Amino acid sequence: MPPGQELPSFEAFFEDEKDRLLRVLSVITGSRGEAEDLAQEAFTRMFERWDDVGHMDDLAGYLHRTAMNLFRRQYRRARVALKRAALSTPERDVFETVEERDAATRALARLTPRQRAALVLTEALGYSGEETGRMLGIKASTVWALTHQARTALKGTLGATDA
Amino acid sequence: MPEIRPLLERMMERVELRPFTLEGFHDRRDRKRRDQRIAAGVVGIAVFVAAIWIVTSVGSLDRGETSVGPAGDVTGPGTALGTTAEEVATDFFNAYAVFHNADRAVSMLANDADLSGVGADGTREFRLLIRTMEAAGFKVTLDSCVETISGTYASIVRCTYDFHAFRSDEIGRGPYSGNYAEFTIRDGEIIDVLAPRNLEFLREMAEPFADWVSANYPDDVEVMYTPHFSDFRLSPESIRLWERRCREYAKAVKQGTA
């Protein structure tokens with residue numbers, strides 16, 4: 001931060017970023033409740049270290065990295081839960097609001113959270129494969145594979161409707 | 001096929017957000033911290049009761065003797081006896097970071113544990129990492145371990161700590177505080193470890209030390225570090241050099257030549 005420049009306000013940052021983060025996390029996880037929990041924890045971590053991180057050039061990037069790190073761990077736990085208890089897919093309220101005739105969003109809903117995360121981070125938020133890999137704790141080549149799988153799945157689902 | 005980006009943007013716009021206000025954020029945060037403090041207090045009481053039980057029922061032990069864990073590993077004082085996630089994290093943190101007891105730490109890992117958050121790929125590298133930390137003079141003081149996310153099948157526990165490293169204590173720098181490590185715990189086993197770096201330590205110790213090694217022992221750089229000084233290189237040869245160079249660096253700083 002240049003000398004004399006004040007630390008930006010956390011409040012303004014929160015107001016600027018909260019909706020975008022919630023929307024991103026909602027689409028990735030498919031659950032508003034999960035998205036809210038992750039956003040709450042990500043903002044909390046930034047709030048508690050605001051004196052250190054508040055001067056960063058790319059605050060939104062730091063927020064996304066923090067949220068994705070939490071998502072990565074949450075997702076790992078969810079996988080464990082599924083393996084152990086053979087549970088059905090957890091409640092995903094975000095995609096329930098999608099109109100039945102919207103094939104595109106229904107196709108998105110069928111992707112795995114990891115595929116959606118790779119797609120949202122690279123396509124919607126514009127992060128590189130390397131940056132996305134770091135956020136998700138995977139290699140850039142795995143990011144490429146996930147986005148490729150997601151694109152192929154979308155193409156397969158939507159191909160007929162586009163014809 | 002439609003363009004992916006507009007499709008994602010449209011989906012995101014359609015999400016019906018519930019109110020997420022700044023006031024609500026602070027309320028939730030305060031509530032959570034209060035619950036964590038209560039939980040920490042309960043754990044503290046439990047540990048205290050356990051300590052009393054040990055003193056009264058194993059009174060014949062020499063007070064200076066190091067305690068021994070269930071698997072027979074030397075774990076040092078403060079070994080948790082219970083099975084809560086916070087106790088497991090405390091036990092693991094002590095073995096891994098405080099006492100550098102690789103056998104004990106590895107015995108607490110799940111078979112599929114992800115150690116990439118501390119720069120290790122598998123248990124062999126994790127053992128080398130612990131030995132390297134010891135060689136590089138890491139002296140860690142655990143503050144507390146508090147469960148931050150509680151799940152049915154796994155929990156995340158955050159441990160806060162202070163540390164000296166690269167012999168910073170010998171040259172009047174540090175201790176470096178405000179650090180945390182996070183552990184994901186499932187069935188009493190560690191499945192994920194994450195320990196972000198301390199920026200003050202990087203600026204004050206790690207970077208000057210790397211500069212000093214580069215200037216005085218350029219051939220050692222490749223043995224001690226991964227490319228771009230991004231991490232410890234984990235090998236037996238590296239461990240020997242970390243011990244030797246840290247010792248020499250502290251001496252050079254004290255003599256005013258580094």
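A charge sits over a ring if NZ of Lys or CZ of Arg is within 6 Å of the ring centre and within 35 degrees of the ring normal. This is a predicted model, in which local features need pLDDT of at least 70 and side-chain atom pairs count only at pLDDT 80 or more. Residues are numbered from 1 along each chain as its sequence is written, and side-chain values use heavy atoms, with hydrogens and water left out.

Q: How far from the ring centre of B:Tyr217 is the charged end of B:Arg245?
A: The charged end of B:Arg245 sits over the ring of B:Tyr217. Its distance from the centre of that ring is 3.5 Å.

Q: Over the ring of which residue does the charged end of B:Arg158 sit?
A: The charged end of B:Arg158 is 3.8 Å from the centre of the ring concerned. That ring belongs to B:Tyr180.

Q: Which kind of aromatic pair do B:Phe93 and B:Phe183 form?
A: Rings of Phe, Tyr and Trp (its six-membered ring) pair if their centres lie within 6.5 Å; planes under 30 degrees apart count as stacked, over 60 as edge-to-face and the rest as tilted. Here the rings are 6.2 Å centre to centre, with 70° between the planes. The pair is therefore edge-to-face.

Q: Is B:Phe183 buried or exposed?
A: Buried means under 20% relative accessible area, exposed over 50%, and partly exposed in between (1.4 Å probe, protein chains only). B:Phe93 has 1% relative accessibility and so counts as buried. B:Phe183 has 0%, so this residue counts as buried.

Note on methods:
Chains are lettered from A and ligands numbered from 1 in the order in which they are written.
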